Amino acid sequence: MSLSMVLRGAVRCNAANLVKSARITPLKSYSTLVANAQRRAVVQPLAVAKIAAPVVREISVSAPRMASAGGSHTLLWTVERVVSAGLLAVIPAAFIAPSQVLDALLAISVVIHAHWGVEAMVVDYMRPSVVGNVLPKVAHIALIIISVATLGGLFYFIQNDVGLANGIKRFWAIKGKDAEKKQA
């Protein structure tokens with residue numbers, strides 16, 4: 001009987017109150033014992049030792065991690081889908097009516113789309129539990145550097161050369177040596 005009382009009351013009050021309530025004379029009923037233990041638990045709450053944890057700030061360079069750490073990441077998911085669907089309109093528009101604005105929009109869309117895709121692979125396959133804590137951070141930083149350098153290079157090409165769409169058109173128009181031999 002007393003073991004049952006101790007086990008049932010363990011959740012409701014601390015150990016000192018359980019010992020005190022177990023030493024009560026057997027003349028009191030079980031409900032009286034439980035009521036007394038609950039009353040003591042409310043008056044004297046369980047003392048929890050507060051251990052000061054060191055303040056550690058986790059550095060995250062991943063958009064999915066930052067989005068999920070701060071709350072809902074559905075906005076990021078929606079933006080990714082809008083950019084992907086927008087590419088269906090931006091790519092043909094940039095080739096039909098080439099301009100610096102459409103070339104810049106194409107460059108931004110393609111680079112951000114590729115960045116998010118490669119970032120998803122880095123997050124999936126470079127897990128800290130598998131490869132350690134350093135390699136995922138190095139991979140994320142390298143991805144950011146490569147994405148920024150790519151976008152900068154495309155902007156330079158758009159500004160100082162024929163533009164992105166016209167450059168791709170000229171590249172497609174190049175005929176190889178094999179094609180020239182076949183025509184002759």
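This is a predicted model: local features need pLDDT of at least 70, side-chain atom pairs count only at pLDDT 80 or more; totals for chains, interfaces and linings use all residues.
Reader: OK. Which residues of H6 and H8 meet, then?

Author: On the H6 side they are Gln100, Asp103, Ala104, Ala107, Ile108, Val111, His115, Val118, Glu119, Val122 and Val123. On the H8 side they are Pro136, Ala139, His140, Leu143, Ile144, Ser147, Thr150, Leu151, Leu154, Phe155, Ile158 and Gln159.

Reader: How many of those are nonpolar, polar and charged?

Author: The contact of H6 with H8 has 15 nonpolar residues, 6 polar and 2 charged.

Reader: And how do H6 and H8 sit, at what angle?

Author: Their axes cross at roughly 165 degrees and come within 10 Å. Angles over 145 degrees count as roughly antiparallel, so H6 and H8 are roughly antiparallel to each other. The crossing is right-handed.

Reader: What about H5 and H6?

Author: H5 covers residues 74–96 and H6 covers residues 100–125. They pack at about 140 degrees, with their axes 9 Å apart. H5 and H6 are therefore oblique to each other. This crossing is left-handed.

Reader: Which residues make that contact?

Author: From H5, they include Leu76, Val79, Val83, Leu87 and Ile91. From H6, they include Leu102, Leu105, Leu106, Ile112 and Trp116. The contact of H5 with H6 divides into 14 nonpolar, 3 polar and 2 charged residues.

Reader: New topic. How many aromatic pairs are there?

Author: A search of the whole structure finds 1. Phe95 and Trp172 form it, and the pair is stacked. The rings are 5.6 Å apart centre to centre, with 15 degrees between the planes.

Reader: Where do Phe95 and Trp172 lie in the chain?

Author: Phe95 is in helix H5 and Trp172 is in helix H9, residues 164–173. The two are 77 residues apart, so the pair links distant parts of the chain.

Reader: Is Phe95 buried or exposed?

Author: Phe95 counts as buried because its relative accessibility is 19%, and the cut-off for buried is under 20%.

Reader: And Trp172, buried or exposed?

Author: Trp172 counts as exposed, at 62% relative accessibility.

Reader: Big picture now. How many helices and strands does the chain have?

Author: The protein chain has 10 helices and 0 strands.

Reader: What share of the residues is buried?

Author: Buried residues make up 22% of the 184 residues in the protein chain.

Reader: Last one. What share of contacts joins residues 24 or more positions apart?

Author: Among contacts with a separation of 6 or more, such residues account for 58%.

Note on methods: Residues are numbered from 1 along each chain as its sequence is written. Side-chain values use heavy atoms; hydrogens and water are left out. Axes are lines fitted to C-alpha atoms, for helices over the stretch in contact, and angles run from 0 to 180 degrees between N-to-C directions. Helices (H or I, at least four residues) and strands (E, at least two) are DSSP runs, numbered from the N terminus. Angles under 35 degrees count as roughly parallel, over 145 as roughly antiparallel, 65 to 115 as roughly perpendicular and the rest as oblique. A crossing is left-handed if the near helix is turned anticlockwise from the far one by less than a right angle, and right-handed if clockwise. Contact means heavy atoms within 4.5 Å. Ala, Val, Leu, Ile, Met, Phe, Trp, Tyr, Cys and Pro count as nonpolar, Asp, Glu, Lys and Arg as charged, and the others, Gly among them, as polar. Rings of Phe, Tyr and Trp (its six-membered ring) pair if their centres lie within 6.5 Å; planes under 30 degrees apart count as stacked, over 60 as edge-to-face and the rest as tilted. Buried means under 20% relative accessible area, exposed over 50%, partly exposed in between (1.4 Å probe, protein chains only).
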